[in-house]
Amino acid sequence: MSTDAIVLLKEDHKEMRRLFREFQAAQDGPPRRRQALVNQILEALTVHTYLENEVMYPEVRKLLPDLEDDILESYEEHHVADVLCAELATMDADDERFVAKTTVLIENVTHHVEEEEQEWFPKVREALGRNQLQEIGERMIALRADAPRTPTAPKALKKALDAMTA
């Protein structure tokens, strides 16, 4: 398994895309299936954004000040996703807005992922050496076990509140 931070984040992105496709295929199916898929999406997003916000973004911000605007935009995109995730965590799959809200979340996250992979990751890879990306990745791996799993977990809520008061 690679410890390269960008490789790890792209693996998370791949898993999220898979979950998004499954949800889209299950939109008209039983509410229980939609709920299960959204729960998986919420967990994957909560862990992923936590690792980026706690490790990747601060480290890149420190090492590559020219990418400050990209990082600030990413924090804001995460905040939008956090709010949608928190709302979805309190909703039932048979709520009339459940599919619509999940669709908006998927669209926002897909946009964010595409920006990261096409624009931001190449800049970071070019500027940071392999060893630095592996060190960042190792810190992300170490933190993953303690990352919040739900958008309503205290660590996840703190992240959302910090974004609102920053």
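How do the residues of the lining of the second largest cavity divide into nonpolar, polar and charged?

1. Ground rules. This is a predicted model, where local features need pLDDT of at least 70, side-chain atom pairs count only at pLDDT 80 or more, and totals for chains, interfaces and linings use all residues. Residues are numbered from 1 along each chain as its sequence is written, and side-chain values use heavy atoms, without hydrogens and water.

2. Cavity count. A cavity is a set of points, on a 1 Å grid over the protein atoms alone, where a 1.4 Å probe fits but cannot get out. There are two cavities of 30 Å³ or more. A volume is the space filled by probe spheres set on the points, which are joined across faces, edges and corners.

3. The largest cavity. Its volume is about 90 Å³. Lining residues have an atom within 4 Å of a point. Here they are H13, M16, L45, H48, T49, E77, H78, A81, N108, V109, H112 and V113.

4. Who supplies that lining. Helices are DSSP runs (H or I, at least four residues), numbered from the N terminus. α1 (5-26), α2 (31-63), α3 (68-89) and α4 (98-127) each supply at least two residues. α4 gives the most, with four.

5. Its classes. Five lining residues of the largest cavity are nonpolar, six polar and one charged. Ala, Val, Leu, Ile, Met, Phe, Trp, Tyr, Cys and Pro count as nonpolar; Asp, Glu, Lys and Arg as charged; the others, Gly among them, as polar.

6. The second largest cavity. It holds about 30 Å³ of space. M16, R17, F20, V109, T110 and V113 line it. α1 and α4 are the elements that give two or more residues to this lining. To settle the opening question: four are nonpolar, one is polar and one is charged.

Key
1 Å grid on protein atoms, 1.4 Å probe; cavity = no way out; pocket = protein on both sides within 12 Å on 5 of 7 lines; lining within 4 Å.
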